[in-house]
Amino acid sequence: MSIGITDVYQAALRAYSSVPYHFRDGRHSFAPFHYYMEVTRRCNLRCQMCQFINFLTEVPLKRQSEGELTTEEWKHVIDQTRRFSLITFTGGEPWLRRDFLELFEHACRRTVVHTITNGTLLREPILDRIIEHAPRRFARRGWFFVGISLDGLGEVHDKIRAQKGAFERSVNSLRAIVARREDAKKRFPMVHSTAVIQEDNLDVLPKMPAYLKEVGVDVFNLTMEYRSLDELGDVE
């Protein structure tokens, strides 16, 4: 049985949580080392299983950015994390923020960075720039991981994501990241893809591991659908 990076991370996470519980009287924990930063709830897709689907469909576009932290506020949050910890940028779609490249680069200069994106907004100028922040070896700051989810192949993915052509754009981004990584002779960012198991993609899921391996994806995750309470407030 082979051991992958996901197994190593999960083992480290369990140890990080259990050691203080068993050896520090259970009242003190280690400082956080993995931070999830949801920089926006806005998104250019309308995935049918999205936990924010009510927000995205019922709140007017001009109001969806209300309450988001500013560039400087997010930088202040990033500066409070431990150096060489792990920051996961997620959303919504992070690249909808006009300042996300600035936030991404600010974080890469400080610690280890993981981005989760649908991949449809990654254009060549952005890819050429962000690959510069990927380290060549382990134990370095920078862009270590990127996740671009695919919930099926071709039209199956497009139906679930409610946008024609979404599959092609996401796969093109995956291939472009892998190609730039190889051209730069870097080991990172490692690339993972996640599919949410649902009725619409059950028939195509068995075909995805081989397809994603051909694309160059390092890790393929399957997850179940879940929803969290999303209070909309008063919607005019």
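User: What makes strand β5 (residues 190–197) count as mostly covered?

Analyst: Seven of the eight residues in β5 are buried, where buried means under 20% relative accessible area, exposed over 50%, and partly exposed in between, with a 1.4 Å probe and protein chains only. Strands (E, at least two residues) and helices (H or I, at least four) are DSSP runs numbered from the N terminus. Please keep in mind that this is a predicted model, in which local features need pLDDT of at least 70 and side-chain atom pairs count only at pLDDT 80 or more, while totals for chains, interfaces and linings use all residues. Residues are numbered from 1 along each chain as its sequence is written, and side-chain values use heavy atoms, with hydrogens and water left out.

User: How do you know that β5 pairs with strand β6 (residues 219–224)?

Analyst: Two strands pair if DSSP finds at least two bridges between them, and six bridges join β5 to β6, which run parallel. Within this pairing, T194 stands opposite N221 in β6. Strand β4 (residues 142–148) is likewise joined to β5, by three bridges and in parallel, with V146 standing opposite V191.

User: Why are helix α3 and helix α4 called roughly parallel?

Analyst: Helix α3 (residues 71–79) and helix α4 (residues 100–108) pack at an angle of about 20°, with their axes 10 Å apart; the axes are lines fitted to C-alpha atoms, for helices over the stretch in contact, and angles run from 0 to 180 degrees between N-to-C directions. Angles under 35 degrees count as roughly parallel, over 145 as roughly antiparallel, 65 to 115 as roughly perpendicular and the rest as oblique, and α3 and α4 are therefore roughly parallel to each other.

User: Which residues of α3 and α4 meet?

Analyst: Taking contact to mean heavy atoms within 4.5 Å, T71, W74, K75, I78 and D79 in α3 meet E102, L103, H106 and A107 in α4.
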